[in-house]
Amino acid sequence: MAASTLPAGEPPWKTLSAEELEKQYSPSRWVIRMKAEEVVSTFVRAGSQATRKARATRRNQLDVPYGDGEGEKMDIYFPDEDSKAFPLFLFFHGGYWQSGSKDDSAFMVTPLTAQGVVVVIVAYDIAPKGALDRMVDQVTRSVVFLQRRYPSNEGIYLCGHSAGAHLAAMVLLASWTKHGVTPNLQGFLLVSGIYDLEPLIYTSQNAPLHMALEDAQRNSPQRRLEVAPPTPVGPACPVVVVVGQHDSPEFHRQSREFYETLHRVGLKASLQELPDVDHFDIVENLTREDHALTQIILKTIFPTL
Ligand SMILES: N[C@@H](CC(=O)c1ccccc1NC=O)C(=O)O
């Protein structure tokens with residue numbers, strides 16, 4: 001990483017060349033187990049296969065509308081046993097807010113429903129149809145919808161991957177008063193996320209998003225949390241920030257700095273750097289109960305396990 005002297009307080013990414021910044025925010029270029037050009041298609045294929053298996057083997061309700069928008073749908077997957085009270089695990093997929101779908105994202109359904117967890121895969125309007133503010137509003141309303149649909153839930157756990165981790169983190173800033181209900185949020189799992197969007201403005205990932213500096217700052221939980229009113233979650237609500245060993249140095253910095261901010265504002269934050277996984281198989285492996293991240297999720301939902 002090219003470095004030069006920085007004015008005090010300036011973030012390190014500002015010393016990077018345009019080419020280096022582009023590479024730092026191209027997760028597929030940090031994968032060591034296959035060629036960069038094969039990674040995303042492999043990831044989508046794995047997600048599509050896991051989703052087909054989930055739909056074939058688990059009781060489910062597909063395309064449940066949580067709002068009036070065409071894209072405001074969710075897939076709900078149920079454990080075998082019929083219970084009136086269960087933990088709800090919501091997943092927001094990644095894809096830089098411009099790719100990915102709920103139909104390729106049900107990686108974790110089999111191992112989590114086997115433990116009695118209801119798994120919900122949420123769709124939101126990716127760019128160019130949706131802009132970031134709209135996506136944040138959509139995922140926030142998906143949480144409100146589920147709290148209303150299952151008021152006796154045993155906790156709502158939000159999990160997001162990459163851009164989805166950003167969206168989950170933005171829910172920490174939600175003001176529930178206008179929604180008329182306070183969701184029973186009991187945990188956050190933020191996987192390989194981005195929390196300060198400013199560097200992205202200077203990469204090709206911004207092309208379909210058209211973020212200006214103020215859009216990036218408004219949608220950066222890293223910036224907003226420091227100056228936000230107390231978050232709607234209590235100090236006992238775990239916020240687990242997770243990053244893979246083979247995520248880029250910038251993704252590691254993003255996770256580390258967001259963890260530090262969460263801790264500084266009094267949240268029950270932890271940082272987990274998972275060995276031997278990259279930006280993609282950290283989630284692809286959620287099909288397996290013995291995957292470290294699956295275990296982190298289960299221990300967050302069932303701490304006495
Ligand atoms: N163009 C990106 C693709 C990417 O980052 C990505 C693809 C699928 C799911 C999550 C991703 N990361 C961010 O949301 C890359 O070069 O890796």
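I count a polar contact as a pair of N or O atoms within 3.5 Å; within protein, one must be able to donate a hydrogen and the other to accept it, and residues adjacent in sequence count only if both atoms are side-chain atoms. I am working on a predicted model, where local features need pLDDT of at least 70 and side-chain atom pairs count only at pLDDT 80 or more, while totals for chains, interfaces and linings use all residues. I number residues from 1 along each chain as its sequence is written, and side-chain values use heavy atoms, with hydrogens and water left out.

**Entry 1: the annotated residues**

I looked up the UniProt record, an unreviewed entry, and it lists S162, D247 and H279 under "active site". UniProt positions are in the numbering used here, feature names are shortened, and annotations may be inferred rather than shown by experiment.

**Entry 2: D247**

I found D247 in the loop between β7 (238-244) and α8 (249-264); helices (H or I, at least four residues) and strands (E, at least two) are DSSP runs, numbered from the N terminus. Is D247 buried or exposed? It counts as buried, at 4% relative accessibility; the cut-offs are under 20% relative accessible area for buried, over 50% for exposed and partly exposed in between (1.4 Å probe, protein chains only). The side chains of D247 and S192 are joined by a polar contact of 2.6 Å. Not counting residues up to four places away in sequence, D247 touches S192, H252, V277 and H279, where contact means heavy atoms within 4.5 Å.

**Entry 3: S162 and H161**

I placed S162 in the loop between β5 (156-161) and α5 (163-170). S162 is buried, with a relative accessible area of 3%. Leaving aside neighbours within four places in sequence, its contacts include S192, F251 and H279. H161 is in strand β5 and counts as buried at 2% relative accessibility. Among the residues H161 touches, beyond four places in sequence, are H93, S192 and H279.

**Entry 4: the cores**

A nonpolar core is a set of buried Ala, Val, Leu, Ile, Met, Phe, Trp, Tyr and Cys residues joined through side-chain atoms within 4.5 Å. Which residues have the most contacts inside the largest one? I noted L90, W97, L158, F188 and L190, in a core of 64 residues. Helix α4 (residues 132-149) gives the largest share of this core, eight residues. A second, separate core of 32 residues includes V277 and I282.
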